[in-house]
Amino acid sequence: IRQNSVNTKSDIIEQDLFLETRKELEAEINHLQNNITLKDAEIVTINQKNLSMEENIRKQKAEIVLLHAELKKLSELACTCKTEKCLPDENLDLEKETADFLEKVSAVCKNKSLKVKALSKDKNVKINLK
């Protein structure tokens, strides 16, 4: 009977330990399940942000394409304007500037025998005056 009683006490202790361990494991499982639920919610939020950013990127790319097209038009327009309008005006300005320069030099050199040589900084224009 004594042996039986020891076995019964031992069995009770074993069962108590088993129940305690089981409760601890169940608590750990609940904790992990809660963490999984939180992480799932984070994943959903991140996916929504990702979709929003991808949509913004698509819109910005479309805007860039439009801006490139507008830039190309403006660039072509500027080139057309320059070749059609600006070149004749530049020639007129060059003629006027040259005439003004000659008048000033003429006034300075009046009744003087001077020889002057000049060269532009980029060496594209050379002038000799007598």
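**Close-up views of a predicted model**

**View 1. The side chains of K96 and D100 come together in a salt bridge, with 3.1 Å from N to O.** In this predicted model, K96 and D100 belong to helix 1, and because they are four residues apart in that helix, about one helical turn separates them. D100 counts as partly exposed, since its relative accessibility is 34%, a value that lies between the 20% limit for buried residues and the 50% limit for exposed ones. As a general point, side chains of opposite charge can pair when their charged atoms come close.

**View 2. E26 and R22 are joined by a salt bridge in which the closest N and O atoms are 3.3 Å apart.** Both residues lie in helix 1, which covers residues 2-109, and their spacing of four residues corresponds to about one turn of the helix.

**View 3. E55 forms a salt bridge with R58, and the closest N and O atoms of the pair are 3.1 Å apart.** E55 and R58 are three residues apart in helix 1, so about one helical turn lies between them. The relative accessible area of E55 is 33%, which means that E55 is partly exposed. A search of the whole structure finds four salt bridges, among them the one between E55 and R58.

**View 4. N128 is located in strand 2, which is made up of residues 126-129.** Which residues does N128 contact, once its neighbours within four places in sequence are left aside? The contacts of N128 are then with V116 and K117. Although N128 and A118 are 10 residues apart along the chain, their C-alpha atoms are separated by 6.6 Å. N128 counts as partly exposed because its relative accessibility is 46%.

Terms used: Residues are numbered from 1 along each chain as its sequence is written. This is a predicted model: local features need pLDDT of at least 70, side-chain atom pairs count only at pLDDT 80 or more; totals for chains, interfaces and linings use all residues. Side-chain values use heavy atoms; hydrogens and water are left out. Helices (H or I, at least four residues) and strands (E, at least two) are DSSP runs, numbered from the N terminus. Buried means under 20% relative accessible area, exposed over 50%, partly exposed in between (1.4 Å probe, protein chains only). Contact means heavy atoms within 4.5 Å.
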